[in-house]
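Please open the model in your viewer and keep the selection tool ready. The tour below goes from one selection to the next and says what is found at each stop.

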Amino acid sequence: MSKTTEQVRKSLARRYRAERRFRAYGIISIAIGLAALAILFTDIIGKGHSAFFEHYVKLDITFNEQTLDIENAGDPEQLNYGNYDGIVREALKARFPGVTERLQVRELSALMSIGAGYELRDLLRENPEWLGTTQTLWLLADDDVDLFLKAGEKGREDSRMSVEQKAWITELEAAGDTERRFNASFFSSGDSREPELAGIWSAVVGSFFTMLVTLCLSFPIGVAAAIYLEEFAPRNRFTDFIEVNINNLAAVPSIIFGLLGLAIFINLFGVPRSVPVLGGLVLTLMTLPTIIITSRASIKTVPPSIREAAMGLGASRMQVVLHHVLPLALPGMLTGAIIGMAQALGETAPLLLIGMVAFIVDIPTGPLDASTVLPVQIYLWADSPEQSFVAMTSAAIMVLLAFLIAMNTLAVVLRKRLERRW
Amino acid sequence: MDTAEKLDKNASGRNHAEEPMIDLEEQPMQETRYPEHTVGTPFVDDPKMRLRDVDVFYGDNQAIHKVSLDIGKNEVVALIGPSGCGKSTFLRSLNRMNDTIDICRVTGELFLEDQDLYDPKMDVVELRARVGMVFQKPNPFPKSIYDNVAYGPRLHGLANKKYELDEIVETSLRKAGLWDEVKDRLHAPGTGLSGGQQQRLCIARTIAVSPEVVLMDEPCSALDPIATAKIEELIDELTESYTIAIVTHSMQQAARVSNRTAYFHLGRLIEVNDTETVFTKPEHELTEAYITGRFG
């Protein structure tokens with residue numbers, strides 16, 4: 001056995017040990033990451049899943065003309081100003097005949113959501129013949145009732161409702177007059193002070209318009225900048241300066257972009273505040289460096305031999321870029337853009353500064369309507385005192401995460417698809 | 001300064017793939033061996049390309065020193081020499097591929113027939129349509145075989161009708177000796193072919209625009225002997241219609257395919273002669289040293 005072989009054999013065991021150690025480090029890191037993710041998801045889903053359901057209470061509602069103060073159910077004016085809360089209260093009093101004291105009556109009527117009144121108005125508008133009749137209806141319960149019904153033994157004891165209220169609800173529950181239903185309004189309505197009425201649709205629509213503006217601005221600008229810097233710009237101090245600055249911008253805290261938007265777009269150019277166009281502009285500034293950097297990286301991966309081949313055939317620089325570089329670099333650029341968009345979708349800080357933190361009840365109909373976005377909605381709900389908003393916050397986070405996962409999956413799929421074509 | 005350092009310095013200063021393997025300038029004895037002028041017969045009557053006193057610089061570094069050479073019509077000129085001697089650089093300045101390198105500067109008289117290549121009025125797109133190039137590594141576009149060959153003609157609008165384009169593609173592939181192998185899968189990706197087939201595809205792509213001159217930069221260096229033989233055969237056939245300048249590291253190849261051979265040494269053109277003369281009775285001692293394998 002030669003001396004080299006001897007040396008090699010001696011060191012082999014050590015090398016394999018080092019390799020195993022190295023692999024173990026990797027596995028441990030991944031395990032930590034996955035565990036953190038699992039904890040995050042369990043926590044969010046555990047807290048948030050209840051927000052996808054809400055409770056309804058069965059009541060015999062009498063559409064009494066006197067209480068409602070409505071004579072003609074065909075008159076929209078009268079319908080609008082009817083005292084619907086009154087008939088809900090009457091119905092509750094009828095259900096619990098022992099309650100007469102003023103304070104107790106107030107507590108009793110607090111069992112139902114104020115949304116119940118609006119629901120009755122809509123029902124009466126559709127069925128004017130119900131005036132004067134009694135109908136058995138399922139009406140939306142108040143968020144405290146909802147929480148109480150969802151809670152376990154201990155949660156019920158801790159509930160902030162009074163002893164009487166708890167007794168009433170337990171009675172209703174025992175009689176089978178409460179029902180758990182899917183919370184469709186969570187996905188179809190805007191924000192509200194009442195948790196049982198609040199939804200994320202306005203935030204989703206706001207996010208959609210904001211992202212649309214961001215994508216339409218940042219992708220073309222970013223790609224054009226990347227192509228110019230990679231393919232056309234002369235290599236000199238000035239381009240180096242630009243490059244350093246782009247890399248710097250990518251690391252600037254996003255709230256600075258919000259301040260910039262406030263100073264430039266709102267104060268200087270007079271863009272209306274709180275609108276998706278403004279949010280889109282600010283997020284464009286924030287996303288641009290990401291898109292430029294990833295686009296440049298993917299342009300760099302296009303082999304120079306392809307460029308030379310095209311140029312050798314007499315293609316102009318422009319044609320080389322359009323025919324060869326761009327198609328080959330596009331998957332990478334798209335991935336970068338989608339990752340940038342996902343980042344922008346989750347961005348809150350700059351939007352707080354440009355007024356997208358407003359309380360928006362209406363669903364925005366265009367990029368020029370005041371609106372809020374998903375992460376800001378989460379921020380707003382997390383800040384709200386009502387207990388039910390805890391679950392709503394987690395539910396909204398789930399929706400946001402679903403969007404992010406969808407976008408990132410799309411990025412991966414697009415890249416795979418487009419790459420396979422070549 | 002030791003040799004490694006010197007090489008490093010060259011590498012950073014030149015920004016070029018080829019580096020001198022041996023630095024003869026380090027040895028003062030050999031300085032005197034450079035001929036005053038290129039020996040042999042660098043000039044021919046009625047040349048296709050007339051090149052006089054060509055200097056090429058990379059920044060402050062002079063890669064080509066006063067090279068004068070004629071490339072005759074329908075002849076194959078082989079450029080040989082040790083690595084880093086500037087053959088590729090010289091070849092690339094013949095269709096201005098060096099333009100893409102910012103720090104590269106070419107001076108001297110370079111004429112394609114009576115047109116000055118570096119005249120500001122000269123259109124580089126037109127020039128490259130007339131002087132095509134085949135590269136060291138096969139570099140087909142990641143497109144179909146058909147689209148690869150049709151790219152040039154489409155670019156220059158050489159064919160208006162589909163059948164005209166089909167015809168150009170077929171003739172080019174036939175000339176490149178690839179037609180029989182690929183006629184059934186013209187729409188398969190060009191990158192799926194073997195190395196030798198890819199290189200012939202690249203030649204087909206180059207001749208599809210009917211250039212007057214074809215520059216080949218070590219076209220066989222990445223190929224096996226069989227594929228190399230096919231390309232050499234092809235070069236022979238192409239001489240009928242094209243003028244060819246080929247850079248090669250294989251002296252056998254130069255001997256097989258070329259009419260004239262030019263020997264480059266450290267950026268200088270040492271000797272140009274009929275291929276037979278160069279390989280049997282080289283006039284200059286550096287040429288002799290190279291072809292007998294004393295360096296390179």
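A residue counts as buried when its relative accessible area is under 20%, as exposed when that area is over 50%, and as partly exposed in between, with a 1.4 Å probe and protein chains only. Helices (H or I, at least four residues) and strands (E, at least two) are DSSP runs, numbered from the N terminus. This is a predicted model, in which local features need pLDDT of at least 70 and side-chain atom pairs count only at pLDDT 80 or more, while totals for chains, interfaces and linings use all residues. Residues are numbered from 1 along each chain as its sequence is written, chains are lettered from A and ligands numbered from 1 in the order in which they are written, and side-chain values use heavy atoms, with hydrogens and water left out.

**Stop 1: strands of chain B**

Select strand β9 (residues 243-247) of chain B, where 5 of the 5 residues are buried. In a regular strand the side chains alternate between the two faces of the sheet. Here T243(B), A245(B) and V247(B) lie on one side and I244(B) and I246(B) on the other, and both faces are covered.

Strand β4 (residues 76-80) of chain B pairs with β9(B) in the parallel sense over 4 bridges, and L79(B) has V247(B) as its bridge partner. β8(B) also runs parallel to β9(B), joined to it by 5 bridges, and D217(B) stands opposite V247(B).

From strand β8 (residues 213-217) of chain B, move on to β7(B), which pairs with β8(B) in the parallel sense over 4 bridges; there V134(B) has M216(B) as its bridge partner. In strand β7 (residues 131-134) of chain B, V131(B) and M133(B) point one way while G132(B) and V134(B) point the other way, and all are buried.

**Stop 2: the nonpolar cores**

A nonpolar core is a set of buried Ala, Val, Leu, Ile, Met, Phe, Trp, Tyr and Cys residues joined through side-chain atoms within 4.5 Å. The largest has 57 residues, and those that touch the most other members are M49(B), L79(B), F90(B), L91(B), L94(B), L215(B) and F264(B). Helix α16 (residues 317-345) of chain A gives the most to this core, with 6 residues. Apart from it lies another core, of 45 residues, among them A176(B), L186(B), L238(B) and A254(B).

Centre the view on F264(B) and display its contacts (heavy atoms within 4.5 Å). Not counting residues up to four places away in sequence, F264(B) touches, among others, I64(B), V67(B), L79(B), F90(B) and L269(B).

**Stop 3: Q319(A)**

Within helix α16 of chain A, select Q319(A), which is partly exposed, with a relative accessible area of 24%. Leaving aside neighbours within four places in sequence, Q319(A) is in contact with G314(A), H324(A), Y151(B) and L155(B). The C-alpha atoms of Q319(A) and L268(A) are separated by 40 Å, although these residues are 51 residues apart along the chain.

**Stop 4: two helices**

The expected span of a helix is 1.5 Å times one less than its number of residues. Select helix α1 (residues 3-48) of chain A, whose 46 residues reach 67 Å from the first C-alpha to the last, close to the expected 68 Å. α1(A) bends by about 35 degrees at L12(A), the bend being the angle between axes fitted to the seven residues ending there and the seven starting there. S11(A), I44(A) and G48(A) are buried in α1(A).

Go next to helix α8 (residues 195-207) of chain B, with 13 residues and a reach of 19 Å, close to the expected 18 Å. This helix is mostly covered, as 12 of its 13 residues are buried.

**Stop 5: aromatic rings**

Rings of Phe, Tyr and Trp (its six-membered ring) pair if their centres lie within 6.5 Å, and planes under 30 degrees apart count as stacked, over 60 as edge-to-face and the rest as tilted. A search of the whole structure finds 13 aromatic pairs over all chains. The rings of F52(A) and F187(A) are stacked, because their centres are 5.6 Å apart and their planes are at 0 degrees. F52(A) is buried, at 14% relative accessible area, whereas F187(A) is partly exposed, at 33%.

F53(A) and F182(A) form an edge-to-face pair, 6.2 Å centre to centre with 80 degrees between the planes. F53(A) lies in strand β1 of chain A and F182(A) in strand β3 (residues 178-182) of chain A, so the pair ties together parts that are 129 residues apart in sequence. To finish, select the cluster that ring pairs build from F52(A), F53(A), F182(A), F186(A), F187(A), W381(A) and F389(A).

How values were computed:
Pairing = 2+ DSSP bridges.
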